[in-house]
Amino acid sequence: MASRGLALYLATLLTGLLECIGFAGVLFGWTSLVYVFKEQCYFVEPGEQDCGPRSNATGPPGSKAQDEKFSLIFTLASFMNNFMTFPTGYIFDRFKTTVARLIGIFFYTCATLTIAFTTADSAVLLFLAMPMLAVGGMLFLITNLQIGNLFGKHRSTIITLYNGAFDSSSAVFLIIKLLHERGIKLWASFLFLSACSAWHVGRTFLLMPRGHIPYPLPPNYSYGLCSRFGTGKEEKKAAEPETKELQSKEFVSPKEENSGPGQQQGQEQGQEHRSFRSCVLSRRFVLHVVWLSTIQLWHYFFIGSLNSLLTSLAGSDNVQVSAFTNAFAITQFFGVLCAPWNGLLMDCLKQKYQKEAKKTGSSASAATLCSTVPSLALTSLLCLGFALCASIPVIRLQYVTFILQVISRSFLYGCNAAFLTLAFPSEHFGKLFGLVMALSAVVSLLQFPLFKLSPQNIAVYVSMGLAIFLTLAHPFLVYRECRAEKTKSSVTP
């Protein structure tokens, strides 16, 4: 049974990684797809039918009106990608894994079929298809993040790995572009993506639980395929109190274990039975929203203004602009390799601090929370270095900017998901994750007025650099909170 369970866990892990890297975040490869759309005369006025591939620094040229429509589609889709995580997170928490995944598969399949059958005459359908693609992909990511619970000590590593895979999936549209250049029609590529929905459905019922994966994991936990061979409802009900007992032990220190039952019950209620409202109104959550929103705003602004920045630094040299644009696109693929390092850091620190907590009798929950502080600070410092390099008008230095950007972005979203799992009760994860992303989506709309001030305006870089520097207050205050909890638990008799 143990070997069968391990094989099931590994199959779930690997297929989930494939799902994230091949489907979840394809929206962010939008630039590659625009090349194909321009070749096929999407959003071209009747008097401007001279389409097709041309020698140009950034691909087939288009009119200003055409570029504005493509920009508007991506703006709407990227906004929905973040904003809709709150309602989708609620669906995941309320209706569990199977229902959430089936809804995601429905949106994703409708989107890919719509793109497959869209032509230049019906290009307006892209305004509907791309947001649906974003929502479906986000549901894939949300339902897969819980797989980290299957591998307790490596939980943060797997969460950040999946977020990195989400970033790297932007390469899928690049592959579609390359296939199109070799004669494979666009509709054929998207029909293949639609056909893959059968695989998503099969994985939903065979390799994923109907409910949520508990943390900590109870012994002999099974789901999906294994649950159809011997695990009935009775075994599931029997495992529930054991899971609750393990959850209480995960956050109870040695001193709390020796305390009376009434005192221990009160401590468990304070830690494990916090309401969703109390989590949202906590200083910890508010500071995390500000931290994520500020860093994400800078990333979105940089990506949106990159072409203008490179054109200015290269003195309108199309060859250089093209070379640096390709270099930036290639670095994005390595997000899946960068993200796990942040998770490894958190997992190692968590184990170290929990061992110290057992020796000193301090709070285990404070030790767990303290393991996120270095990752939060490192992410802010990486983004600050990225902003400083981008503000220096030397084009060769932008290679360093691109490297810092992909590392910072992969750390950002992985650290966000890992922090929410460690800092708040697991039953609220979907709603909290969705609310954080929705609020940060609203803040990301500020990139448009920032862009109107001109990407080369030094005031923009100074103000954003200062705002990023101030995000270091978040890890500092989390550290103070951890110290206060440790001190409180150590003086409690």
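Q: Is Cys41 buried or exposed?
A: Buried: the relative accessibility of Cys41 is 14%, and the cut-off for buried is under 20%. Keep in mind that this is a predicted model.

Q: Where is Cys41 found?
A: In the loop between helix H2 (30-39) and helix H3 (64-83).

Q: And what's the phi of Cys41?
A: Near 65°, so a positive value, and Cys41 isn't a glycine.

Q: What about Phe43, where does that lie?
A: Phe43 is also in the loop between H2 and H3. Its phi is positive too, about 60°, although Phe43 is not a glycine.

Q: Buried or exposed, that Phe43?
A: Phe43 counts as buried, with 11% relative accessibility.

Q: Switching topic: which residues of helix H9 are buried?
A: In H9, which runs over residues 197-206, the buried ones are Ser197, His200, Arg203 and Thr204. They sit on the same side of H9, because they cover an arc of only 120° around the axis.

Q: Okay, zooming out. How many helices and strands does the protein chain have?
A: There are 24 helices and zero strands.

Q: How much of the chain is buried?
A: Buried residues are 53% of the 493 in the protein chain.

Q: Last one: what share of the contacts with a separation of 6 or more is between residues 24 or more positions apart?
A: That share is 82% in the protein chain.

Key
Residues are numbered from 1 along each chain as its sequence is written. This is a predicted model: local features need pLDDT of at least 70, side-chain atom pairs count only at pLDDT 80 or more; totals for chains, interfaces and linings use all residues. Side-chain values use heavy atoms; hydrogens and water are left out. Helices (H or I, at least four residues) and strands (E, at least two) are DSSP runs, numbered from the N terminus. Buried means under 20% relative accessible area, exposed over 50%, partly exposed in between (1.4 Å probe, protein chains only). Contact means heavy atoms within 4.5 Å. The arc is that of the directions from the helix axis to the C-beta atoms.
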